[in-house]
Amino acid sequence: YQLLFQSEYDWNHTEAKQPVGLAFKDGRIQENRGKVLGGSSSVNGMVYNRGNRQTFDDWAHEFGAEGWTYREVLPYFKKFENNTDPQIVGDGTYHGTNGSVQITSWPQPVDPIVRIYQKAMNELGYNTTDINGAVQTGTAVLQAFIDSRGRRSSIANCYLDPNPFPQNLDILTGAHVIKILFNGQKAIGVVFVRNGLKYTVKTRREVIVSAGSIGSPQLLMLSGVGPRQELEKWGIPVVADLPVGENLQNHPALDLNFAIKEQFHDLVDSGDSELTIDNLYEYYTNGSGVLTKYYNCMTYRSTKSNNNTDFPNVSLQLALLKYPKDPSRVTVVQFEAQDEWKAYNRHLLGKPYFFVQPTLERIRSRGFVRLESTDPFVYPVINSRFLSDPQDFEDMVDITLWAFYVFEHPSIAPYVRPHKPIPGCKFCAEQPFAHKCDAYIRCLIRQVTYTGCHLVGSCRMGAAHRRDTVLDPRLRVKGVDGLRVCDASVMPTVTNGNTNAPVIMIGEKCADLVKEDNSVSA
């Protein structure tokens with residue numbers, strides 16, 4: 001899936017400069033977003049992770065988003081889910097089996113090296129769990145948005161492909177919406193550009209904006225819905241003065257690569273995952289082979305600052321991957337010092353390795369999306385303000401130290417090559433272990449913290465009387481009629497996990513809200 005990044009299927013956004021991500025090109029962190037049917041569900045890492053139940057209860061109880069407690073959203077998670085693993089589904093309390101989106105467990109048995117890692121997690125005190133079930137804290141080989149033939153379950157191929165000619169839906173690809181039209185305070189249509197021509201479409205009932213946590217706030221502000229001061233700065237007439245673009249939240253993460261030692265390559269069954277003729281034949285003909293495998297594990301835990309261990313605030317994700325054999329296919333263009341990073345990663349070429357990602361899942365830092373121009377084709381300013389809250393930085397230090405502790409632990413260390421200091425940072429002279437070198441960890445975080453690609457919150461929903469909300473709990477834009485937002489931007493706070501599953505849940509619930517508000521039968 002990483003081959004899709006920086007391609008024609010990627011919006012190729014970048015973050016504003018900030019005090020982390022210093023090693024990246026121009027000191028700016030990339031934001032990869034799906035520019036294709038299915039949006040980011042067509043280009044993401046396919047992890048099936050709903051997030052903790054407490055997140056949804058907080059939406060309702062702390063932010064006034066009535067109707068969004070875990071008890072009330074669980075039926076919508078189950079509604080879209082077609083889970084094919086009976087052991088996970090159990091009695092059906094937490095999982096569905098009749099939905100549009102197929103969710104699968106990876107082919108069994110998993111590679112021996114993955115079993116060794118999971119056994120090490122158990123020995124460290126983390127029980128195997130279903131992270132989407134009753135208890136999130138623990139460790140798991142994750143389920144994924146993959147169908148039974150090893151193909152991606154994107155929202156496009158799950159909802160659209162089985163219904164090629166729906167009577168109530170027309171789709172235009174390559175159409176860029178540039179403005180929402182209003183008659184007074186009522187949304188009456190949109191203007192879009194396609195193939196260089198401008199078109200206007202009027203609506204009889206509602207306009208629903210689903211342009212994502214970057215595109216939705218940009219479109220609203222260009223249309224006069226946003227902070228008065230920001231709109232007046234750009235000479236945009238104010239339709240509704242609302243905090244659009246504020247409250248942006250995103251998970252900060254790190255990439256750590258640990259090469260598996262040559263003498264243990266026989267513990268990797270997934271084989272050579274290059275796009276060879278044999279691999280492609282096996283994939284397309286039989287729905288099997290190495291191109292259908294992507295073993296991904298996650299361990300949830302809490303740092304010292306988290307007083308609710310049932311609601312973990314950090315995670316360690318691990319994937320078993322194989323580095324390309326051809327150096328030209330190694331993506332290092334995002335780094336400023338390209339030659340140094342090419343040399344740094346040379347030992348990985350053609351070899352299996354653990355891709356390890358310590359992530360801060362519950363964040364205090366808040367960012368923003370703001371206009372860069374009144375030209376709708378000019379990208380807005382995106383600033384997640386990663387780790388700007390001091391406690392966020394300390395929690396990131398905590399989970400990163402623990403990640404190194406795991407891979408320097410006797411149960412894992414014999415299987416992997418030792419970590420080398422990254423360009424721009426150095427180990428403590430007196431300390432051979434990275435997990436005991438606080439200065440190195442802090443340098444690492446400042447240099448290569450990047451995005452978890454989980455942008456949310458820029459059109460926050462909540463109680464209508466709150467001044468910090470853009471939408472009411474029914475996802476309607478406050479102060480206007482006939483306008484609704486339905487995407488990740490509506491979340492009051494980011495879930496402590498991947499955002500694809502909760503966004504699908506939001507879509508399913510929004511569909512019911514639209515039908516209820518417009519007296520349409522289910």
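Where is Asp 389 found? Point 1 takes this up.

1. Asp 389 sits in the loop between strand S19 (381-383) and H10. Helices (H or I, at least four residues) and strands (E, at least two) are DSSP runs, numbered from the N terminus. Asp 389 is partly exposed, because its relative accessibility is 24%. Buried means under 20% relative accessible area, exposed means over 50%, and partly exposed lies in between (1.4 Å probe, protein chains only). Asp 389 touches Arg 364 and Ser 365, leaving out residues up to four places away in sequence. Contact means heavy atoms within 4.5 Å. Asp 389 and Arg 364 are 25 residues apart in sequence, and their C-alpha atoms are 6.2 Å apart.

2. A word on the basis of this note. This is a predicted model, in which local features need pLDDT of at least 70 and side-chain atom pairs count only at pLDDT 80 or more, while totals for chains, interfaces and linings use all residues. Residues are numbered from 1 along each chain as its sequence is written, and side-chain values use heavy atoms, with hydrogens and water left out.

3. The "binding site" annotation. In an unreviewed entry, UniProt lists Val 36, Asn 44, Gly 45, Met 46, Val 47 and Val 177 under this name. These positions are spread over 142 residues of sequence, and also in space, up to 29.8 Å between C-alpha atoms. UniProt positions are given in the numbering used here, feature names are shortened, and annotations may be inferred rather than shown by experiment.

4. Two of the listed valines. Val 36 is found in the loop between strand S2 (30-31) and helix H1 (53-63). Val 47 is placed in the loop between S2 and H1. Val 36 is partly exposed, because its relative accessible area is 32%. Val 47 is buried, at 6%. Not counting residues up to four places away in sequence, Val 36 touches Tyr 9, Ser 42 and Val 43. With neighbours within four places set aside, Val 47 is in contact with Leu 142, Gln 143, Phe 145, Asn 296, Gln 317 and Asn 498.

5. The domain annotation. UniProt (unreviewed entry) places "domain: Glucose-methanol-choline oxidoreductase N-terminal" at residues 34-57 and 212-226. The span 34-57 is 21% helix and 0% strand, and its end C-alpha atoms lie 29 Å apart. For residues 212-226, the figures are 73% helix and 13% strand, with the end C-alpha atoms 16 Å apart.

6. Helix H6 (residues 212-222) is mostly covered, with 10 of its 11 residues buried. Among them are Ile 214, Pro 217, Leu 219, Leu 220, Met 221 and Leu 222. Just after H6, Gly 224 takes a positive phi of about 100°.

7. The nonpolar cores. A nonpolar core is a set of buried Ala, Val, Leu, Ile, Met, Phe, Trp, Tyr and Cys residues joined through side-chain atoms within 4.5 Å. The largest has 124 residues, of which Trp 68, Tyr 117, Phe 354, Phe 407, Leu 483 and Met 505 touch the most other members. Helix H10 (residues 390-407) gives the most to this core, with nine residues. Another core, of six residues, lies apart from it and includes Val 47, Ile 131, Ala 140 and Leu 142. In soluble globular proteins, nonpolar side chains tend to be buried together.

8. Trp 68 in detail. With its neighbours within four places in sequence set aside, the contacts of Trp 68 include Phe 56, Trp 59, Val 73, Met 461, Pro 473, Leu 475, Met 505 and Leu 513.

9. H10 against H11. H10 and helix H11 (residues 438-448) pack at about 115°, with their axes 10 Å apart. Axes are lines fitted to C-alpha atoms, for helices over the stretch in contact, and angles run from 0 to 180 degrees between N-to-C directions. The two helices, H10 and H11, are therefore roughly perpendicular. Angles of 65 to 115 degrees count as roughly perpendicular, under 35 as roughly parallel, over 145 as roughly antiparallel and the rest as oblique. Residues in the contact include Phe 393, Met 396 and Phe 404 of H10 and Tyr 440, Ile 441 and Leu 444 of H11.

10. H2 against H12. Helix H2 (residues 70-80) and helix H12 (residues 500-517) pack at about 105°, with their axes 9 Å apart. H2 and H12 are therefore roughly perpendicular to each other. The contact includes Val 73, Tyr 76 and Phe 77 of H2, and Ile 504, Met 505 and Lys 509 of H12.

11. Lys 436 is found in the loop between H10 and H11. Lys 436 counts as exposed, because its relative accessibility is 53%.
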